[in-house]
Amino acid sequence: MDQSNRTEVEVFSELSELCASPGYLHAIAYFCFRDNTIRYGDVITAEDVLEQFGMEKLVRTEISTLIGLACKGNLSAEMQTPETVQRNIDKTEVLLKEIHQSMMPDMKEMFDPEQASNPNFNPFKNGAALREAIFYGGESAYHFQYRDLSSLKYRSDSDWLSCNKGFSAENSILTIAAIQELQNRKINEFIPSLDISDPSSWTALDAYKFTAEEVSTEACIELDIVTKVIESFVSPIGMSDFTSLDDFNPKNAYPIIKFTDTEYLLLQNYSLVEALYETPFFWFYEDKKYRSTAMKNRGDFTESFSAQRLMHVFGEKNVFLNVEIIDSKKNTAGEIDVLIVYANRVIILQAKSKKLTIASRKGNDLSLRDDFKKAVQDAYDQAYSCATLITDLNYKLIDDRGNELEIERNFSEIYPFCVVSDHYPALSFQARQFLNFKDTEVIKPPFVMDVFFLDVATEMLESPLHFLSYVNRRADYSDKILSTRELTILSYHLKKNLWVDNEYTMMHLGDDICADLDLAMLVRRCEVPGEKTPEGILTKFTDTSVGRLISQIEKQEDPGTIDLGFMLLLLSEDTVNQLNTGIDHIAKLALNDHKCHDLTIAIGMGSTGLTVHCNSDPMEVAGPKLKRHVEIRKYSQKAKEWFGICIDPETKKLKFGLKLLYEWEQSDEFDEILTDAPKPQRKINIGTVVKGRKIGRNEICPCGSGVKYKKCCLN
C-alpha cells in the first residue's frame, strides 16, 4: 500500500494499534526521557536548552496522544526485548511524521488561483491551516508558571476544595511539586544505573512511578490528604471516546495513571501542572450553587494578577483596577479592567477567560472564529472603545474605590492589551489572521497575549522604559512578525533588539530562538545554576556611557525623557558603540580645557537625531546654548523631531535634556546661519571638524549653536 496517500484516519488507526501492543509503555517512557529531560553539567546553558528544539524530538501533544491511546485498553508494562522496544520507537516516529504530513492542507487548495485577485483572501484563515498550528504550536506557559499561578488562581476557592475534595489549594500545589521533585531524583538516579545494569533490562518507566507514601514523605503532608490530591487527577483506564487526534484526551485533564493498587504512573509532569491550573475550574462548574462564584473568582484572578505584574514594572501608583468611564449624566460609558498611566503613555488591559473548544481544535471554521471573538475580539473592541473615551475630557475616570482619577490626559500613545487567562494554542498566529482592529496616531495596534507571557515580559523588562519600548515596537510590527509564540519574539528582542527594516514585509521566527529566554526563566524561577539574563540589550551596554544614560532615564517619569529613552534603545550596536566613543571623547576634552564640546547623531535618514553637549556651565548658560544648537541641527536635517542633552564632563551623568517636536518650516535666519556651517562628514560627528580655513572670532560657531565663535566654542 502506498502510505504517502493514506488519510489521517488510517494512520491514526494504525498508531492506536501500536500503542495497545504489549509493553508499549516502555517506548513512551523512552520518549518522555529523551524529549522532556534537559541534561546539563554544573551549569545549565542555552545550548543545553537548545537541544529540546531538535527536529527529531516529539512535542508534548504528540506524547500525550501516545499516552491517551495506550490507556484505551489494558495497560501492559511487561518487559520487552530491546529490539522490540526499538521497533516500537521507530514505528511510532514514522507514523507521527505521517500524521503530521496528512494534517497539512493541500497547497493547491489553500492558494486557489481564482482567489488570488481577491484582496481579502487569506489562506491562513482556513480552519484546516490553523489546525496544524494549534496541535504543533509551542507551549505558551512554563511548567513552573502553571504551578505557581495555580496558587493565586484558586486562593479564593480553597474553602470549596477543602469541603468537597478534602484538600486545600495549597495542599494540591505542594503535593504536585513533591511529585516533580521525586521524579527528578529518580531520573537522575536512572542515568548512572545504565552503566551497571544489563542492557536487556533498560527502561525509564520506573523513574515515572511513585507511591502516595513516597509523595507524603517528600511533601511532609498527611498520607490521606496526599492520596486525595493524587486520586483527583486520575482517570480510568479503558476509555473509548479518544478516536481522533483532536478528540478530548482525558489524560490531559487527568494525567495520573493508577498503575497498581499502591503505585501510580505519571509520564509527563507538564501535563499534571497544566491540569492543576485548568481542571479544578470544571469541578467548581459542576456545582451549580458555586458556579457563579467560581466564574467571578476566575475573572478576578486574571485582572488582579495582570495588575500585580504591571505594578512590578510601573509601580502601584500608576496602575488602576476596574476603572469606570462616566459621562456627564453619570452613566457608565465603558469599563477598563486594568489601566496603566505612565508619563503620557497608557495601557488599557481587558482580560478574558475563554478556552479553545474541541470543535475549534478540529479545524471548524465557524467555531474557531466564535472562540476567537469571545476570547480576543470582544476584549479588543472594549479596549478600543475605552481608548477613544479616555481622551475626551467630558468623561470622568472613576477607580474601584469610587474616586475620580486626577491624571493628565494629554496622551501621546495608548496601547490596547487583550489578555486571556488560559493557554490558547497558536494565539499569536490566530490574532494575526482573525483580529479586526483600527489604529490611530494615538491608539496603537493591539497586543494580544496570555497571563503567562505577561508574567515573563514583566519579569525580563522590569523598567517602564524597557517595557514600553518593547510594547511600542511589538505593536508597530504586528503585521510584520510571524511566530507561533509570543515568547519567541520577546527572546529575539532580548538578544538582538527587535527591529524590522522598512524594506522587509515579513520576518518569521523559529521556536528555537526561545532557548535563551527559556534558560533565563528556569534559572530565575527554578533556582537552577545558570545565567539569569540573556546576553543582549539588558547586558551589553550596562557599564558604558549610553548604558548609564539609559539607567538615569529609566528613573524619570517624564514624557520627553521617555521619548529620548525610546530613541536610545532603538540604536544599533554599532551606533551605540560610536556614541559611547563620542561621549567619552568630548567628556575628556571638556575636562581638559573646561569648554563646551558636542557631538550629533542623525537617526532614521535624518528624521530624528540627538545632540549632546558636555560642559560644566550653569543651567542659565548651558540651557539656551543647547536649545539653539538643537534648533539648528533639526532645521539642517529638515527633521520633525530632535533631542538634546547636556552631560557632566566628570561623571558623564545627564544634567538636563530637551526635545523639539514640530514640523519643519523654511527660515531665512537658519539658512543664513547654515550657509557657512560645515557639512557633517560622518553619520556621527564627534565635535566639528572644519577644513580649508580658520574660523574667525566673529563668525557663527561651526558647532551649530547659532552664536558667534568667540562666545561659544572658542571660550
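Rings of Phe, Tyr and Trp (its six-membered ring) pair if their centres lie within 6.5 Å; planes under 30 degrees apart count as stacked, over 60 as edge-to-face and the rest as tilted.

This is a predicted model, in which local features need pLDDT of at least 70, side-chain atom pairs count only at pLDDT 80 or more, and totals for chains, interfaces and linings use all residues. Residues are numbered from 1 along each chain as its sequence is written, and side-chain values use heavy atoms, with hydrogens and water left out.

Figure 1. The structure holds 31 aromatic pairs. In one of them, the ring centres of Tyr380 and Tyr384 are 6.0 Å apart and the planes stand at 40 degrees, so the pair is tilted. Both residues belong to helix H17, four residues apart, which means a separation of about one helical turn. Helices (H or I, at least four residues) and strands (E, at least two) are DSSP runs, numbered from the N terminus. Tyr380 is buried at 2% relative accessibility. Tyr384 is buried too, at 14%. Buried means under 20% relative accessible area, exposed over 50%, and partly exposed in between (1.4 Å probe, protein chains only). Elsewhere, one aromatic cluster is formed by Phe314, Tyr342, Phe417, Phe447, Phe453, Phe467 and Tyr470.

**Figure 2. Gln377 in helix H17.** Helix H17 covers residues 365-390 and includes Gln377. Is Gln377 buried or exposed? Its relative accessible area is 10%, so Gln377 is buried. Which residues does Gln377 contact, leaving aside neighbours within four places in sequence? The list holds Phe372, Phe434, Leu435 and Asn436. Contact means heavy atoms within 4.5 Å.

**Figure 3. Ser168 in a loop.** Ser168 sits in the loop between helix H9 (158-164) and helix H10 (169-193). Ser168 is buried, with 17% relative accessible area. Beyond residues up to four places away in sequence, Ser168 touches Ser158, Leu161 and Ser162. Its side chain also makes a polar contact with the side chain of Asn171, at 3.1 Å. A polar contact is a pair of N or O atoms within 3.5 Å; within protein, one must be able to donate a hydrogen and the other to accept it, and residues adjacent in sequence count only if both atoms are side-chain atoms. Val229 is 61 residues from Ser168 in sequence, yet the two C-alpha atoms are 9.2 Å apart.

**Figure 4. Charges over rings.** Lys165 lies over the face of Trp283, 4.2 Å from the ring centre. Arg345 lies over the face of Phe566, at 4.8 Å from the ring centre. A charge sits over a ring if NZ of Lys or CZ of Arg is within 6 Å of the ring centre and within 35 degrees of the ring normal.

**Figure 5. An open sheet of three strands.** The strand order is S1-S3-S2, with antiparallel pairing. Strands S1 (209-211) and S2 (257-258) stand at the edges with a single partner strand each, so one side of each has no neighbour in the sheet. Helix H11 (residues 212-219) packs on the sheet and touches S1 and S3, its direction making about 75 degrees with that of S1. Axes are lines fitted to C-alpha atoms, for helices over the stretch in contact, and angles run from 0 to 180 degrees between N-to-C directions. Three bridges join S1 to strand S3 (residues 263-265). Lys209 has Leu265 in S3 as its bridge partner. Two strands pair if DSSP finds at least two bridges between them.

Figure 6. Strand S5 (residues 332-342) is mostly covered, with eight of its eleven residues buried. Strand S4 (residues 319-326) pairs with S5 in the antiparallel sense over seven bridges. Val319 has Ile340 in S5 as its bridge partner. Five residues lie between S4 and S5 in their hairpin, and Lys330 in the turn has a positive phi of about 65 degrees. S5 also runs antiparallel to strand S6 (residues 345-352), with five bridges. Here Ile340 stands opposite Ile347. The hairpin of S5 and S6 has two residues between the strands, and Ala343 takes a positive phi near 55 degrees.

**Figure 7. Helix H23 and its surroundings.** Seven of the ten residues of helix H23 (residues 545-554) are buried. Among them are Val546, Leu549, Ile550 and Ile553. The buried residues pack against helices H20 (464-476), H24 (559-570) and H25 (573-593), and against strands S14 (641-647) and S15 (654-661).
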